[in-house]
Amino acid sequence: AVTLAEGAGDEVALAIALVNESWRQSDAMGDEVAALAQLERALGLQVNPAVRVYVGAAYVDLLARLGRYDEATAVGEAHFADAVRGGIERGSGGSVAVQIAHAHFCAGRPEEAKRYAQRARRLLDRPSRAAVIRPLA
């Protein structure tokens, strides 16, 4: 998929393919370093705000899984602010808010975690809300 998107010159398709490749490298192969490089490459592409937030949420998730909580929260908060400025908070901001809440919680900042978890709860659909509240309960 990455090769096809590169050949087509479609940066949106390439960003999504790079996220999928990152997940494959991280989850199936256990290579988080390679996975992180894919996401960093995707973040450097010129894409619309929704795709940028999508990539950003994956990046924040991987940073948190690597224990880089301070970096995850800083990057996540910047992407969340981009979603708000772009007017796509409701459609795209919930997923990154969940990741920010998780990173704050793991870093020992429960009040900040709660603030982002509550925001994510308001933004996400009903079935997804339990995934936000359960870890912070």
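**Entry 1: Asp-61 and Arg-65**

I started with Asp-61 and Arg-65 in helix H4. They are separated by about one helical turn, because they sit four residues apart in that helix. The model is a predicted one. I looked up how the two side chains meet, and found a salt bridge of 3.6 Å, N to O. Asp-61 counts as partly exposed, at 22% relative accessibility. Arg-65 is partly exposed too, with a relative accessible area of 41%. Asp-27 joins Asp-61 and Arg-65 in a network of salt bridges.

**Entry 2: other salt bridges**

How many salt bridges does a search of the whole structure find? I got eight. I picked out Glu-21 and Arg-24, whose closest N and O atoms are 2.4 Å apart. Both lie in helix H2, three residues apart, which is about one turn of the helix. Is Glu-21 buried or exposed? Glu-21 is buried, because its relative accessible area of 18% is under the 20% limit. Arg-24 is partly exposed at 39% relative accessibility.

Next I checked Arg-68 and Glu-71. Their salt bridge has its closest N and O atoms 2.7 Å apart. Arg-68 has a relative accessible area of 32% and is partly exposed. Glu-71 is also partly exposed, at 30%.

**Entry 3: aromatic pairs**

I searched the whole structure for aromatic pairs and found two. Trp-23 and Tyr-54 form an edge-to-face pair, 6.2 Å centre to centre, with 80° between the planes. Trp-23 lies in helix H2 and Tyr-54 in helix H4, so this pair ties together parts 31 residues apart in sequence. Trp-23 is partly exposed at 35% relative accessibility. Tyr-54 is partly exposed at 34%.

Then I turned to Phe-80 and Tyr-116. Their ring centres are 5.7 Å apart and their planes stand at 85°, so the pair is edge-to-face. The pair links distant parts of the chain, with Phe-80 in helix H5 and Tyr-116 in helix H7, 36 residues apart. I checked burial as well: Phe-80 and Tyr-116 are both buried.

**Entry 4: a surface patch**

Which residues form a nonpolar patch on the surface? I noted Ile-16, Trp-23 and Tyr-54, with about 250 Å² of accessible area together. Ile-16 belongs to helix H2. Its relative accessibility is 33%, so Ile-16 counts as partly exposed.

**Entry 5: the core**

I looked at the largest nonpolar core, which has 39 residues. Ala-15, Val-55, Tyr-59, Phe-80 and Val-96 touch the most other members. Elements giving two or more residues to this core include H1, helix H3 (32-43) and helix H6 (89-106). Helix H4 supplies the largest share, 10 residues.

I took a closer look at Tyr-59. Beyond its neighbours within four places in sequence, Tyr-59 is in contact with Leu-36, Leu-39, Glu-40, Leu-43, Glu-71 and Val-75.

**Entry 6: towards the chain ends**

Ala-5 is found in helix H1, residues 2-8. Ala-5 is buried, with 5% relative accessible area. What does Ala-5 contact, leaving aside neighbours within four places in sequence? I found Asp-10, Ala-13 and Leu-14.

Last, I checked Arg-121 in helix H7. Arg-121 is partly exposed at 34% relative accessibility. Its C-alpha atom is separated by 18 Å from that of Tyr-54, 67 residues away along the chain.

Key:
Residues are numbered from 1 along each chain as its sequence is written. This is a predicted model: local features need pLDDT of at least 70, side-chain atom pairs count only at pLDDT 80 or more; totals for chains, interfaces and linings use all residues. Side-chain values use heavy atoms; hydrogens and water are left out. Buried means under 20% relative accessible area, exposed over 50%, partly exposed in between (1.4 Å probe, protein chains only). Contact means heavy atoms within 4.5 Å. A nonpolar core is a set of buried Ala, Val, Leu, Ile, Met, Phe, Trp, Tyr and Cys residues joined through side-chain atoms within 4.5 Å. Patches are made of residues with over 30% relative accessible area and no salt bridge: like charges are joined within 9 Å, nonpolar side chains (Val, Leu, Ile, Met, Phe, Trp, Tyr) within 5 Å. Accessible areas come from the Shrake-Rupley method with a 1.4 Å probe; for residues, only the protein chains shown count as cover. A salt bridge is a side-chain nitrogen of Lys or Arg within 4 Å of a carboxyl oxygen of Asp or Glu. Rings of Phe, Tyr and Trp (its six-membered ring) pair if their centres lie within 6.5 Å; planes under 30 degrees apart count as stacked, over 60 as edge-to-face and the rest as tilted.
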